[in-house]
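Here is a quick walk through one protein model, written for someone with the structure open on screen. Keep the view handy and follow along.

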Amino acid sequence: MDILLLNSELLNNIIETDGLTVMKKFQKRKSGSNYFFIPNIGIKLFNVKVTWVDPFKKNLSFSINRWENPSLIILLRHINQALSNIYKKVSYSNLNVAPFFFEKGDFIYIRTYLPNTNGKYHINNNLCNFFVPRKDSTFDSIVIYFKNIWDDDTNAGFNIELKDVENII
């Protein structure tokens, strides 16, 4: 799966030219919907540290030092707002979409889903098969994919996946 890696200029361009569309699918088990982005979009993040590992190994949380890349927080806010606005236009919802990241002190935190089928993780890794890293491991870079925005009667949020990792430090 090819992922278009976003920066502010590219995001603005694909929105202005209607190059980013959304496909709605109803959730099977719940009363809600998923709004998938077309084309596949994501961002590449550098020097990220694993701060939390889900006991069931379905999710990871990463932190990035906000002072090592001061423009990153501006980009994340812009992506969050732009994708939320697109969702609101197609869903006609008044729900506020929960941000895909949060800020605390000197760090930015992002929680990602680990795509896993039958015990095999579908994450690109140039070194070897992907193994769930330990807490406090650091990656040179990762790519996260904005899969969709989900909603139900009372909430809406992003579903993002880890898609690529490079070199554990």
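## Strand β3 and its partners

Strand β1 (residues 4–5) runs parallel to strand β3 (residues 33–53), and 2 bridges join them. Leu 5 sits opposite Gly 42 of β3 in this pairing. A word on terms: strands (E, at least two residues) and helices (H or I, at least four) are DSSP runs numbered from the N terminus, and two strands pair if DSSP finds at least two bridges between them. This is a predicted model, in which local features need pLDDT of at least 70 and side-chain atom pairs count only at pLDDT 80 or more, while totals for chains, interfaces and linings use all residues. Residues are numbered from 1 along each chain as its sequence is written, and side-chain values use heavy atoms, with hydrogens and water left out.

β3 also pairs with strand β2 (residues 21–26), this time in the antiparallel sense over 6 bridges. Here Lys 25 faces Asn 34 of β3, and the link from β2 to β3 is a hairpin with 6 residues. Strand β10 (residues 138–151) is another antiparallel partner of β3, joined by 12 bridges; Ile 41 has Phe 146 of β10 as its bridge partner. Then comes strand β4 (residues 59–65), antiparallel to β3 with 4 bridges.

## The largest pocket

How big is the largest pocket? Its volume is about 730 Å³. On a 1 Å grid over the protein atoms alone, a pocket is an open set of points with protein on both sides within 12 Å along at least five of seven lines, where a 1.4 Å probe fits, and lining residues have an atom within 4 Å of a point. The points are joined across faces, edges and corners, and the volume is the space filled by probe spheres set on them.

The lining of the largest pocket counts 20 residues, with Gln 27, Arg 29, Lys 30, Asn 34 and Asn 159 nearest the centre. β2, β3, β7 (116–117), β10 and β11 (156–168) each put in at least two residues, and β10 gives the most, with 4. Sorted by class, this lining has 8 charged, 7 polar and 5 nonpolar residues. In that scheme Ala, Val, Leu, Ile, Met, Phe, Trp, Tyr, Cys and Pro are nonpolar, Asp, Glu, Lys and Arg are charged, and the others, Gly among them, are polar.

## Gln 27 up close

Gln 27, one of the residues nearest the centre of the largest pocket, belongs to the loop between β2 and β3. Is Gln 27 buried or exposed? Gln 27 counts as buried because its relative accessibility is 17%, with buried meaning under 20% relative accessible area, exposed over 50% and partly exposed in between (1.4 Å probe, protein chains only).

The Gln 27 side chain makes a polar contact with the side chain of Asn 34 at 3.4 Å. A polar contact is a pair of N or O atoms within 3.5 Å; within protein, one must be able to donate a hydrogen and the other to accept it, and residues adjacent in sequence count only if both atoms are side-chain atoms. A polar atom of the Gln 27 side chain also lies 3.4 Å from the backbone oxygen of Ser 33. Leaving out residues up to four places away in sequence, Gln 27 touches Gly 32, Ser 33, Asn 34, Trp 150 and Asp 151, with contact meaning heavy atoms within 4.5 Å.

## The second largest pocket

The second largest pocket has a volume of about 310 Å³. Its lining is made of 16 residues, and Pro 99, Phe 100, Arg 111, Phe 158 and Ile 160 lie nearest its centre. β5 (101–104), β6 (107–113) and β11 are the elements that give two or more residues to this lining, with β6 giving the most, 5.

Most residues other than glycine have a negative phi, and most peptide bonds are trans. Ile 38 and Pro 39, however, are joined by a cis peptide bond with omega about 5°, and Pro 39 is in strand β3.

Asn 47, also in strand β3, has a positive phi near 55° and is partly exposed at 32% relative accessible area. Asp 18 has a positive phi near 55° too. Asp 18 is in the loop between α1 (8–16) and β2, and counts as exposed because its relative accessibility is 62%.
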